[in-house]
Amino acid sequence: MFTKILIANRGEIALRVIRACKEMNIRTVAIYSTIDKDSLHVSLADEAICVGGPSPKDSYLNIENIISATVATGAEAIHPGFGFLSENAKFARICKECNITFIGPTAEMIENMGDKAKARELMIRAKVPIVPGSAGVLDDVKNAKILAQKIGYPVMLKASAGGGGRGMRIVFKEDDLENAFLSASKEALIAFGDDSMYMEKYIQNPRHIEFQILGDKYGNIIHLGERDCSMQRRHQKVIEEAPSPFISKQMRSNMGKIAIKAASTVNYENAGTVEFIVDKDNNYYFIEMNTRIQVEHPVTELITGYDLIKEQIKIASGEKLGIAQKDVDISGVAIECRINAENPNKNFKPSPGKITGLNFPGGRGVRVDSCMYSGYVIPPTYDSMIAKIITTGKNRKEALDVMKRALSETVIEGIDNNIEFQLDLIHTDEFEKGNFDTTFIEKNLTTILRRG
């Protein structure tokens, strides 16, 4: 087992890794940018080292400085968290070359599954159900038009290296395809340095279901059930829950087997997530695999009892997976609300600034993952998510009742936030009944905001 791990991230996920390491008696090194010098992860780690300026490219994406910090502090491994360098194959490869363990999959696995077009090709060969579309990367707009005519409109253009909704366009008619292709590929080039695109049939009003995967270095791969991430805004998740309120036991078993098959195709190691969309007829299709820990991993931890960060560390250190599929027992329901520094009434405008007052919820069935404290200044340079409130209960109604109470207890002063928006969402009839899809917020935004 490692004696020291460097965490190549910030915020609540850096704290999450530090806490797991402390419980495993592993020393930690926090990296930070100059604007993050007063962050909680810096003070709670055993050591901390500045790796650059406020811009991510100068600090949390600065591979040279991060590797230098790892060597200088004597850390044997790097945990990348999520975002930043967590799915960067080049970074994983450099770690290996420097004899530093990357706590995640290999560079080759990241390349195979991180490139969405390549992942489609692999899944087609493995006979995993995928959304009808291009077998790989589209050569140009002309080929895109030919394929769109073949599979029928509406279609979705996606960046091969994409994520977080960037480089993605829904096209309903041929007249709009060229502009959508050019704008999406330009956006992808700026965001990911790769303008290659692929196409899928656009499944209207889908559910977004993902399965948590764990795999070790010895070919053992299991799943820990599914998460329903259908409550989204502009392809960004807002609320997640586990298990899904609409998936039957048999459907869970079938989808879980397909998820393991998808991961086995690349001999997957460490934690990962196989993502599906499910249409109105309960047909499910593989869409991508995330080769990292997910923001919403706590809901899986609460219904299974397993610490996913600890499992990541144990797998990376060479231990065999200590969990068999038959051991996985899903109990209760967990719901997570992402709390963002933003103003929903001003088109979700980010709201950085100083926290002048703070009260987190507590009590039975409540977990809070956050890096905030009273007096903390939320910087304008990073993602607007500032906390995750997760609640659990013996069934969905109980977990939801606890969430309503927890959000009502939460006070964040000094900045705008989306707590009232989350409360309005979970009080809608559709959410209470579990009857919603990925388009719910877009279709009902005006009504939801009016509730507040």
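Predicted model: local features only at pLDDT ≥ 70, side-chain atom pairs only at ≥ 80, totals over all residues.

Reader: Which way do strands β10 and β11 pair, parallel or antiparallel?

Author: First the general idea: strands of a sheet pair through backbone hydrogen bonds, and the pairing can be parallel or antiparallel. Here β10 (residues 221-233) and β11 are antiparallel, with four bridges. For a spot to look at, find Arg233, which stands opposite Gln236 in β11.

Reader: How many residues lie between β10 and β11 in their hairpin?

Author: Two residues separate them, and Arg234 in the turn has a positive phi of about 55°.

Reader: Which other strand does β11 pair with?

Author: Strand β14 (residues 333-340) pairs with β11, again in the antiparallel sense over four bridges. Look for Ala242, whose bridge partner in β14 is Ala334.

Reader: Why is β11 described as largely enclosed?

Author: Buried means under 20% relative accessible area. In β11 (residues 236-242), six of the seven residues are buried, so the rest of the structure largely encloses this strand.

Reader: What is the strand order in the open sheet of five strands?

Author: The order is β3-β2-β1-β4-β5, and the pairing is parallel. β3 (47-52) and β5 (101-102) are the edge strands, each pairing on one side only. Strand β4 (residues 77-79) is joined to β5 by two bridges, and Ala77 has Thr101 as its bridge partner in β5.

Reader: Which strands does helix α3 lie across?

Author: Helix α3 (residues 63-73) lies across β1 (4-7), β2 (27-33), β3 and β4, and runs at about 160° to β1.

Notes:
Residues numbered from 1 in each chain as written. Heavy atoms only, no water. Buried < 20%, exposed > 50% of the residue type's maximum accessible area, 1.4 Å probe, protein only. Pairing = 2+ DSSP bridges. Contact = heavy atoms within 4.5 Å. Axes fitted to C-alpha atoms, helices over the stretch in contact; angles between N-to-C directions.
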